[in-house]
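The sequence and structure are shown first.

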Amino acid sequence: MVREISAGGVVVRNKDGVWWMAAIELPGEAPARPDPAKRAVRPKSKVVICLPKGLVDPGEKPLEAALREVREETGITAVPITKLADIKYMYVRTWGDGERVFKIVTFYLVQYESGEIDDISDDMRVEVRRALWVPLEEAPKLLAYKGEKQMARQALAYVTTHADLKPAG
């Protein structure tokens, strides 16, 4: 079985006393070619909101990868606060070899430092439709994946119990 090691960030920002989290919306599925023999039904494209994350490059540390992925996928830079957790799961590739993959994603709680949300390269638009701020309190309901919902809950618990976190930007 193939193993993949990824890292990602839960980016938080306190603005006017409210904690916000950076999220990304994935591009929708390409529309299927219509089958003239079937009734024309428009498939609903489900909006998928998730956390910025990606593969750890050779020689890169997971935290470095998380900060790089945050920068590439959201357009903002962040500073680390703490490691949240590792999420482990298996999936089957829907492209190429159809191989089963054991994946580990290390998530870090990071705080906004600078930049404009959604200021990303045209090349990145293949992976990210848009980046946006969402209220951290609502993030568990908005995120698509179970493990990422848990990371948002842990981030919310952390920021509400650490009053020493300074509002940034």
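**Conventions**

Two strands are said to pair if DSSP finds at least two bridges between them. Helices (H or I, at least four residues) and strands (E, at least two) are DSSP runs, numbered from the N terminus.

The structure is a predicted model: local features need pLDDT of at least 70, side-chain atom pairs count only at pLDDT 80 or more, and totals for chains, interfaces and linings use all residues. Residues are numbered from 1 along each chain as its sequence is written, and side-chain values use heavy atoms, with hydrogens and water left out.

**Confidence**

The pLDDT is the predictor's confidence in each residue, from 0 to 100. Its mean over the chain is 90, and 88% of the residues reach 70 or more. Residues 31-36 fall below 50, and this stretch has zero contacts in the model beyond near neighbours in sequence; contact means heavy atoms within 4.5 Å.

**Strand pairing**

Strand E6 (residues 100-115) pairs with strand E1 (residues 2-15) in the parallel sense, over eleven bridges. Its pairing with strand E5 (residues 76-92) is antiparallel and runs over 15 bridges. Val 105 in E6 stands opposite Ser 6 and also opposite Ile 87.

Strand E2 (residues 18-25) pairs with E1 in the antiparallel sense over four bridges, with Lys 15 opposite Val 18. E1 and E2 form a hairpin with two residues between them, and Asp 16 in the turn has a positive phi of about 55 degrees. E2 is also joined to strand E7 (residues 130-135) by six bridges, running antiparallel, and to strand E3 (residues 49-50) by two bridges, again antiparallel. Glu 25 has Arg 130 as its bridge partner in E7 and Ile 49 as its bridge partner in E3. Six of the eight residues of E2 are buried, that is, under 20% relative accessible area, where exposed means over 50% and partly exposed lies in between (1.4 Å probe, protein chains only).

**Helices**

Helix H3 (residues 146-161) has 16 residues and reaches 23 Å from its first C-alpha to its last, close to the 22 Å expected; the expected span is 1.5 Å times one less than the number of residues. Its buried residues are Glu 148, Met 151, Ala 152, Ala 155 and Val 159. They lie on the same side of H3 because they cover an arc of only 100 degrees around the axis, the arc being that of the directions from the helix axis to the C-beta atoms. Lys 146, Thr 160 and Thr 161, on the other side of H3, are exposed.

Helix H1 (residues 62-74) has 13 residues and reaches 18 Å, close to the 18 Å expected. Its buried residues include Ala 65, Ala 66, Arg 68 and Glu 69, and E1, E2, E5, E6 and E7 are among the elements that cover the buried residues of H1. Just after H1, Gly 75 takes a positive phi of about 90 degrees.

**Nonpolar cores**

A nonpolar core is a set of buried Ala, Val, Leu, Ile, Met, Phe, Trp, Tyr and Cys residues joined through side-chain atoms within 4.5 Å. The largest has 23 residues, and Val 10, Met 21, Leu 136 and Met 151 have the most contacts inside it. E1, E2, E5, E6, E7 and H3 each supply at least two residues of this core, and H3 gives the most, with four. A second, separate core of twelve residues includes Ala 66, Ala 78, Val 110 and Trp 133.

Leaving aside neighbours within four places in sequence, Met 151 is in contact with Val 10, Leu 51, Leu 84, Ala 85, Ile 87 and Phe 107.
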